[in-house]
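Trainee: I would like to learn how to read strands, sheets and a ligand shell in a model of this kind. Could we go through them one feature at a time?

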Amino acid sequence: MKRFTHINATSAEHAVSCLQEYKDSSYVIAGGSDLLGCLKDNLWMQTPEAIVNLKTIEGLSYIKEEGSTLHIGALTTLTEVAESSIVKKLAPALAEAARRTASPLLRNMGTLGGNICQENRCWYYRYPSKLGGRIDCVRKGGTKCFAVIGEHRYHSIFGAVNKCIAVNPSDTAPALIALNATIKTTKRTIAIDEFFSAAHGAGSTILDRDEIVLEILVPVAAKSAVSAFKKIAFRKSIDFALVTCAIALEKDADKITAVRICLNGVYNNPMRSQEAEEFLLGKVLTEDIAKEAGEIALQNAKSLFQNIYKVQLAKTLVADTLLSL
Ligand SMILES: Cc1cc2nc3c(=O)[nH]c(=O)nc-3n(C[C@H](O)[C@H](O)[C@H](O)COP(=O)(O)OP(=O)(O)OC[C@H]3O[C@@H](n4cnc5c(N)ncnc54)[C@H](O)[C@@H]3O)c2cc1C
Ligand code: SF4
């Protein structure tokens, strides 16, 4: 790993001023479970000169219910999110997504803010430069996507963004989208539907380089609301998802009155299935309706040679998640 300056930020303002001073040559670090891997493998064109530590900022780790909103500080660990009785009660999809992320040790280190800002896991992108040199694919400023012509069994089944077919790896992202969260940063408040973007340069969000996530806000839904998260991965103990699905819905006299469905692991950004949502409105949930919703959610899939299996996985996961509600 190349040498860099490590700065313990004393406040969010201090962290932002450090990012502005070092411009594109700096990153923030929270739990470090993603960022340190990126640094060790020399992922970025320019090795950062400075790493700004957010963990030394007080008051960014909390879970509290205020009025009709659940407030979660960006530095709250995934273990705290998964084990919180408030999150389990008010946002079960998020608690389950955090519980299914990585391993106990990584959940103790990894934060919710870091989880939604993590880099993609495409193996060409992540290829360690010390093993025979960098692989400069489109996403690293090159001209080719090596996954399209090479190994793409874990990649997008809904096409490419800027010729890149890497998927978003965050487990908590689809849960936050299903729950219609908002993200408060040092600059603005962003609706979760707008937050993720693989088209914005490095990273997986629309955040500017000098912008930090401070808080995740989840609306506390009506009493009739329920939510669930499911994940399929090769290994159950610790593994990135092949496909995840999160759904939040409300019912009135058994009929669905509101629903948000989000898949991840299927496209560059976590993907809402709005056509399936529209289909479900006003319906009573049965096994046939759940299966049809799964078919509709995947009707525009454009799988590649090696990842066609993910289409069936995702259809089944949508139906299973619905039926679990
Ligand atoms: C072996 C292994 C298995 C894993 N398995 C999973 C998995 O199953 N599911 C999953 O979702 N993830 C998984 N991860 C990825 C990662 O560990 C987690 O997503 C974790 O939550 C990242 O949080 P962190 O605090 O460690 O982030 P960091 O590594 O500190 O940061 C990650 C990125 O987010 C940025 N960042 C961090 N905090 C903020 C903030 N507040 N504002 C703006 N930017 C910020 C950093 O600059 C960096 O680019 C795995 C990682 C490893 C190493
Ligand atoms: S999928 Fe994206 S990150 Fe992976 S090789 Fe292609 S351009 Fe690079």
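Trainee: How many residues of S8 are buried?

Mentor: A residue is called buried under 20% relative accessible area, exposed over 50% and partly exposed in between, with a 1.4 Å probe and protein chains only. Six of the seven residues of S8 are buried, so this strand is largely enclosed by the rest of the structure. Please bear in mind that this is a predicted model, in which local features need pLDDT of at least 70 and side-chain atom pairs count only at pLDDT 80 or more, while totals for chains, interfaces and linings use all residues. Residues are numbered from 1 along each chain as its sequence is written, chains are lettered from A and ligands numbered from 1 in the order in which they are written, and side-chain values use heavy atoms, with hydrogens and water left out.

Trainee: Which sheet order contains S8, and is the pairing parallel or antiparallel?

Mentor: Strands of a sheet pair through backbone hydrogen bonds, in either a parallel or an antiparallel way. Strands here are DSSP runs (E, at least two residues), as helices are (H or I, at least four), numbered from the N terminus, and two strands pair if DSSP finds at least two bridges between them. In this case five strands make an open sheet in the order S4-S5-S8-S6-S7, with antiparallel pairing. Its edge strands, S4 (63-66) and S7 (189-191), each pair on one side only.

Trainee: Which strands are joined to S8 by bridges, and how many bridges are there?

Mentor: S5 (residues 69-73) is joined to S8 (residues 213-219) by five bridges, and S6 (residues 182-185) is joined to S8 by four, again antiparallel. Leu-217 of S8 stands opposite His-71 and also opposite Thr-182, whereas Val-218 is the bridge partner of Leu-70.

Trainee: What is the order of the three-strand sheet?

Mentor: That open sheet has the order S1-S3-S2, and its pairing is parallel. The edge strands S1 (5-8) and S2 (26-29) each pair on one side only. Four bridges join S1 to S3 (residues 50-53), and Thr-5 stands opposite Ala-50 in S3.

Trainee: Where is Asp-210 found, and which side chains does Asp-210 contact?

Mentor: A polar contact is a pair of N or O atoms within 3.5 Å; within protein, one must be able to donate a hydrogen and the other to accept it, and residues adjacent in sequence count only if both atoms are side-chain atoms. Asp-210 is in the loop between helix H10 (192-195) and S8, and at 17% relative accessibility Asp-210 counts as buried. Its side chain makes polar contacts of 2.9 Å with that of Gln-20 and of 2.8 Å with that of Lys-187.

Trainee: How many residues surround ligand 1, and which polar atoms lie by its oxygen atoms?

Mentor: Taking a residue as near when one of its heavy atoms lies within 4 Å, 31 residues surround ligand 1, and the closest are Val-28, Ala-30, Ser-33, Leu-35 and Thr-111. An oxygen atom of ligand 1 is 3.0 Å from a polar backbone atom of Ala-102, a polar side-chain atom of Gln-118 lies 2.9 Å from an oxygen atom of the ligand, and for a backbone N or O atom of Asp-239 the distance to a ligand oxygen atom is 3.1 Å.

Trainee: Which element gives the largest share of the shell around ligand 1?

Mentor: Helix H7 gives the largest share, four residues.
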